[in-house]
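This briefing is for a reader meeting the structure for the first time.

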Amino acid sequence: MGTCGNDQKNQSVKDVFSDLLANSSSHGLPNIHRSENLVGKLLWSMVFFTGLGVFCWQVSELARAFRNRDVSVQLKVHFNTSINFPAVTVCNINPVKLSALLADPELLNALIPELNELNDGEGQGNTHASGVGDGGASVRKRRDVPSNITTIDPSSSVTHVTPGGTTGFSTTSGTTTIDPSSSVTYVTPEGTTGFSATGGITTNDPSSSATHESPEGATEFATTSGNTTSDLSSSVTNVTPEVTTGFSFDWDSKMQDEHYYEQMDDSYKYKKLLRHYLSRKTAEEKVELGHRLEDMLVNCVWRGYPCTPANFTPIASGAYGNCYVFNSDSISPLKTNRPGAMYGLTLELDIDQDNYLPHITETAGIRLAIHPQNIYPFTEDNGISVPPGFASEIGLRLVTIEREPQPYGNCVEMESGGQGQYYANNIYRRKFGVDYTVQACEKSCYQNYLIATCRCSDPDYPVLVINETMREILLPCDNYDNGSDALCFDEVNVQYQYGDLNCDCPQPCSETTYIASTSFSSWPANNYMSDMNGIAERLNGIPNTGGIGSTGTSEPTQKNLVRVQIYFKELNFQSITESPAYSEFDLISDIGGQLGLWIGVSMITVCEIFQFLGVLVKLLFRRIMDKAETIGNRSTTPIQHIKLEQIS
């Protein structure tokens, strides 16, 4: 400033401040100083302080935006010449083989009492029980050639007319032969009807006729045994004089039962009981109860080359029993450098549907989970069901997600040491050695709280058995009666439902996921059946004598075989990246812009202000020192000289 070279000893504070106003590089302050009258000084002062007020308001808004720590999300599409292939977990939807269930009297009696009849040889007509031998032997029997042969002459007239335009004729057993000139007519003017020939041999005799009337409106035509003949000109007519409205589930009477909504669904109850039982078994016992990969895997192809059960890693699932993971090595995972089904994984599996559990397994097929190698596969939550009798194609697209950690976000660092606070209580991390996920954290939090509160565990989730004492504590909760376990179990579930367990489970900072699209086609094709003779023989227990497209092999093949192809649709992948929406540099830049806009202050002006403050402090310090020196001089007493002769 201008006073830097002058003698500052006699300067006052007013002089220093006046010098700042006169020589400042700011646009507003010099105008205040240069104004010759009071009105001008007041106007420029008003302009300056108004701009200063607006500047302070803007800075407060910028500070608030900075404290919010918002993030911006950027989506990019990248291309690589090769991509790591994901891990693929395969489970049979049926968790326990029926043969293993029948060989376990404890489970049989505790789980499904209705199956005791099957063990005694009854219920052989039931599909799920056919072929079950004593002691849990193989459930497959030799399938006989079907005996229900129905032949209809091309020129004959077989008519089943319903009001809605639906025509149908059903014969379930025996042999039915219809003469070309005969007429078998089944007419329903207004109601719902059916025609069924369930046994015996039926022919048309020239002189016979048959009429079946149902006055109550329910119509049925059935020949169950013996021979029936009729004349060529005869007619078989079913007349229904009253309207039949069809079968009703009678929901009104069910809803009138005050306890109807409190009754547990049978299938749900059986599934829960089965998991309750399996949770008491050792890992080796669970493997023996479920479907083994060696029995299921018919064919495995990776990028045109064979793979075997040795390429799969077994893993336990509470919902599906034995599961197997392909490409589970996270250190050196398999890679693919081409898109398309030929350059992925192809699996053909035998689901052994005759060994499915009644009352429990409602659907048939394979449950797949596609996931990174270091993540636990939650097949029940994130899986894809693949049905038998179809070729299922699952096309994948890779998506990577990068989230911002503190202070911009609340995610868990996946690098070394980043999961420390979440490691100790993560059951899946400690039991299976997998990385952190929100699902694993939430399920572990719930299970740990249930064990600590109720002294028992939820059979749907794994437990850590450290010693035999812990094994007793970690037995599954008996929540199927009104005992203490059930009451405590229900209370913990209600707390978890409403978020009262305070589970701290943030998202991981780095995440890899796969977007899957599925398509289906009928499989196997008729002409491809000849290539599957060996498989058909093993499934049917009889040689394939039907030739290409034979119905003797198509039905059991479509019933039990699953084919699935998993591949990348393209080598492009998406990345979703979070970044700070408002960083420290943005804040400084915006403050500088506001300073220049509203009060005309730049960085040079800021330096001048600091210089002014330095001069002011120096001036005040000098004045304080001068005042202290003056006070010290005043308090000093002068020395008096006294002669010796005066002392007497």
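**Disulfides in the predicted model**

Cys 456 and Cys 477 form a disulfide, with their sulfur atoms 1.9 Å apart. The model is a predicted one. By the distance rule that a disulfide is a pair of cysteine sulfur atoms within 2.5 Å, the count comes to seven disulfides. Three of these pairs are described below, followed by two further cysteines. A disulfide is a covalent bond between the sulfur atoms of two cysteines.

**Cys 456 and Cys 477**

- The torsion about the S-S bond of Cys 456 and Cys 477 is about 90°, so this disulfide is right-handed.
- Cys 456 sits in the loop between helix H14 (438-454) and helix H15 (468-473), while Cys 477 sits in the loop between H15 and helix H16 (484-497), so the pair ties together parts that are 21 residues apart in sequence.
- Cys 456 has a relative accessibility of 3% and therefore counts as buried, the cut-off for buried being under 20%.
- Cys 477 has a relative accessibility of 0%, so Cys 477 counts as buried too.

**Cys 91 and Cys 323**

- A disulfide also joins Cys 91 to Cys 323, with an S to S distance of 1.9 Å.
- This pair links distant parts of the chain: Cys 91 belongs to strand S3 (residues 87-92) and Cys 323 to strand S17 (residues 321-326), 232 residues apart.
- About the S-S bond of Cys 91 and Cys 323 the torsion is about 115°, so the disulfide is right-handed.
- Both Cys 91 and Cys 323 are buried.

**Cys 300 and Cys 307**

- The sulfur atoms of Cys 300 and Cys 307 are 1.6 Å apart, and the two residues form a disulfide.
- Here the torsion about the S-S bond is about -85°, so the disulfide of Cys 300 and Cys 307 is left-handed.
- Cys 300 counts as buried because its relative accessibility is 2%.
- Cys 307 counts as buried because its relative accessibility is 9%.

**Partly exposed cysteines**

- Cys 56 has a relative accessible area of 44%, so Cys 56 is partly exposed; partly exposed lies between the cut-offs of under 20% for buried and over 50% for exposed.
- Cys 607, at 47% relative accessibility, likewise counts as partly exposed.

How values were computed: Residues are numbered from 1 along each chain as its sequence is written. This is a predicted model: local features need pLDDT of at least 70, side-chain atom pairs count only at pLDDT 80 or more; totals for chains, interfaces and linings use all residues. Side-chain values use heavy atoms; hydrogens and water are left out. Helices (H or I, at least four residues) and strands (E, at least two) are DSSP runs, numbered from the N terminus. Buried means under 20% relative accessible area, exposed over 50%, partly exposed in between (1.4 Å probe, protein chains only).
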